[in-house]
Amino acid sequence: MFSYAAVKKQARIFKSVIKLDKNFQIYVLGDNQYIKKGFDEETGMHYYQLFFKDEQ
């Protein structure tokens, strides 16, 4: 038997690849709640904001 809470937590923590334009990829290892996507109307471009507590 498995724990539903453990499975749900693991589902939030995953490896993801964000592919941007040509030959530019961001690998996300872990919780993606600290990444926000937006659109800048002045430049007409999309952007990502990354939030973190400590740089390693």
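This is a predicted model: local features need pLDDT of at least 70, side-chain atom pairs count only at pLDDT 80 or more; totals for chains, interfaces and linings use all residues.
Reader: In what order do the elements run from the N terminus?

Author: The order is α-β-β-β-β.

Reader: How much of the chain counts as buried?

Author: Of its 56 residues, 7% count as buried.

Reader: And the accessible surface, what does that come to?

Author: About 5800 Å² for the protein chain. Carbon and sulfur atoms account for 53% of that surface.

Reader: What about contacts in the chain: what share join residues at least 24 apart?

Author: That share is 4%, counted among contacts between residues at least 6 apart in sequence.

Reader: Which residues line the largest pocket?

Author: Its lining is made of Ile26, Tyr27, Val28, Asp31, Tyr34, Ile35, Leu50, Phe51 and Phe52.

Reader: Which element gives the largest share of that lining?

Author: Strand β2, residues 24-31, with four residues.

Reader: How do the lining residues of the largest pocket divide by class?

Author: Eight are nonpolar and one is charged.

Reader: Now the second largest pocket. What's the volume?

Author: About 210 Å³ for the second largest pocket.

Reader: What lines the second largest pocket?

Author: Leu20, Asp21, Phe24, Lys37, Met45, His46, Tyr47 and Tyr48 do. Strand β4, residues 45-50, supplies the largest share of this lining, four residues.

Reader: And by class, what does the lining of the second largest pocket have?

Author: Five nonpolar residues, one polar and two charged.

Reader: Let's pick Tyr47 from that list. Where does Tyr47 sit?

Author: Tyr47 is in strand β4.

Reader: Why does Tyr47 count as partly exposed?

Author: Because its relative accessible area is 36%. Partly exposed covers what lies between the cut-offs: under 20% is buried and over 50% is exposed.

Reader: Which residues does Tyr47 touch, leaving out those up to four places away in sequence?

Author: Tyr47 touches Lys36, Lys37, Gly38, Phe39 and Asp40. Lys37 is also one of the residues lining the second largest pocket, as is Tyr47.

Reader: Leu20 is in that lining too. What separates the C-alpha atoms of Tyr47 and Leu20?

Author: They are 9.8 Å apart. Along the chain, Tyr47 and Leu20 are 27 residues apart.

Definitions and conventions:
Residues are numbered from 1 along each chain as its sequence is written. Side-chain values use heavy atoms; hydrogens and water are left out. On a 1 Å grid over the protein atoms alone, a cavity is a set of points where a 1.4 Å probe fits but cannot get out, and a pocket is an open set with protein on both sides within 12 Å along at least five of seven lines; lining residues have an atom within 4 Å of a point. Helices (H or I, at least four residues) and strands (E, at least two) are DSSP runs, numbered from the N terminus. Ala, Val, Leu, Ile, Met, Phe, Trp, Tyr, Cys and Pro count as nonpolar, Asp, Glu, Lys and Arg as charged, and the others, Gly among them, as polar. Grid points are joined across faces, edges and corners, and a volume is the space filled by probe spheres set on the points. Buried means under 20% relative accessible area, exposed over 50%, partly exposed in between (1.4 Å probe, protein chains only). Contact means heavy atoms within 4.5 Å. Accessible areas come from the Shrake-Rupley method with a 1.4 Å probe; for residues, only the protein chains shown count as cover.
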